Amino acid sequence: MARGKQPAKAKAPRTTELTRTVEEFEAAFWPDDQPVDNAVVMTMGALHAGHAALIRAARRQVGRDGRVAVTVFVNPLQFGAGEDLDRYPRTLDADLEVAREAGADVVFAPTVEEMYPNGEPLVRLSAGPMGDGFEGASRPGHFDGMLTVVAKLLHITDPDFAFFGEKDAQQLAIVRRMVADLDFDVEIVGVPTVREEDGLALSSRNRFLSDTERGQALALSRALFAGRDAGAQGAKAVREAAAAVLDGADGVTPDYLALIDPDSFTEVPDDFTGEALLAVAAKVGPARLIDNVGVIVR
C-alpha cells in the first residue's frame, strides 16, 4: 500500500424506511435541512424489475447523497366499475425488499383513509381531451383519478424529479402536460419499458396469466415490433404490419391498436412522418395488457 494511503471505508448498506402517514414520511424523507436532490417513483405496488429500473434511475439522478422515495398506493379513483381493484396484488413486504435493493430511502404506503381523509375528493383534476381516447375511452375517469393522486403525491413528496415508466405512455404524456400547464416545480423523467427476453413488457398484471396465456400475450409485442420495422414504408404500412400479427391471435381480444402523436396523444394520419408511438391494448385471459414502442415513420 502506498505511503499515506488508508483502506477505503466500506459504505454502509442502505436502509429503506416504511412510512404510513404523511407526518411519518416527512420526518423520514427530510431528516434535516441539508439541501439535496430528491426524487419520487410512484407505484401501485406489486413491484417488479420494471419498477426497480425506475428506482435505480432515480438513484442515479440524485446520486448517493440524494433522497429517493417510492410511493405504494392502490388508488381507488383510478378503477372503474367492474375493474380489478379488489384483486389488484398487494405485496408490501416484497415491495419493500425490491425498493431497498434498488436504492430507495423511504417507502410511503398510505391507507386510503390517509390519502382521502374526507372520503372521495369532491374536487378532482381533469385530464381534459388528452384523457378521452385510448385508455381513457376504455376506462372512463381513469386519468382524472390518476392525475388527482399524482398531484397529491407531488405535493406530499415535493421532489425535484419524478420518474414514470414509458410503458404507460398516455399516463406519462398527461402527467407531463399537467406539470407544464399547472406550473408544478418538478422534472418528469420517462424510463424505457423493461421487457422479458422474449419481448413481453413487464406488468404487475402478468402474474394473472397462465403459462398458455403468457405465450398468447407475446402477440402484443410481436405486433408492435412488426409495425416498428415497417416505419420506412409509412404510417399506413406500420398499422397494417402490426394488425397482421394481432388479428386472429389466439386468446387475444384487442381493444385498440393505434399510431399516435406522443405529445397530443391523438392518432396520426396516413401521410404523417416523424416520431410516433405505436400503442396496443388487449385482453388476454383475465388481464388487460398495454404496450407501446416508438416508431420513426418515413
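**Exercise 1. Is D291 buried or exposed, and which residue does D291 pair with in a salt bridge?**

Step 1. Take the relative accessible area of D291: 4%, so D291 is buried. Buried means under 20% relative accessible area, exposed over 50%, partly exposed in between (1.4 Å probe, protein chains only). The model is predicted: local features need pLDDT of at least 70, side-chain atom pairs count only at pLDDT 80 or more, and totals for chains, interfaces and linings use all residues. Residues are numbered from 1 along each chain as its sequence is written, and side-chain values use heavy atoms, with hydrogens and water left out.

Step 2. Find the partner. D291 forms a salt bridge with R195, with 2.8 Å between the closest N and O atoms. A salt bridge here is a side-chain nitrogen of Lys or Arg within 4 Å of a carboxyl oxygen of Asp or Glu.

Step 3. D291 sits in strand β9 (residues 287-297) and R195 in the loop between β6 (187-191) and α8 (211-229), so the bridge ties together parts 96 residues apart in sequence. Helices (H or I, at least four residues) and strands (E, at least two) are DSSP runs, numbered from the N terminus.

Step 4. Check R195. Its relative accessible area is 24%, so R195 is partly exposed.

**Exercise 2. Which elements hold R239 and E267?**

Step 1. Confirm the contact. The side chains of R239 and E267 form a salt bridge at 3.3 Å, N to O.

Step 2. Locate them. R239 belongs to helix α9 (residues 235-246), and E267 to the loop between β7 (252-260) and β8 (274-284), so the pair ties together parts 28 residues apart in sequence.

Step 3. R239 is buried at 18%. E267 is partly exposed at 41%.

Step 4. Turn to a network. Shared partners join R59, R67 and D105 through salt bridges. Within it, the closest N and O atoms of R59 and D105 are 2.6 Å apart. R59 lies in helix α2 (residues 49-62), and D105 in the loop between α3 and β4 (106-108), 46 residues apart. Both R59 and D105 are buried.

**Exercise 3. Which residues of helix α3 are buried?**

Step 1. List them. In α3 (residues 92-102), the buried residues are D95, L96, A99 and A102.

Step 2. Look down the axis. The buried residues of α3 fall within an arc of 135 degrees (directions from the helix axis to the C-beta atoms), so they line one face.

Step 3. Recall the geometry. An α-helix has 3.6 residues a turn, so residues three or four places apart point the same way.

Step 4. Turn the helix over. The face of α3 away from its buried side carries the exposed residues D93 and E101.
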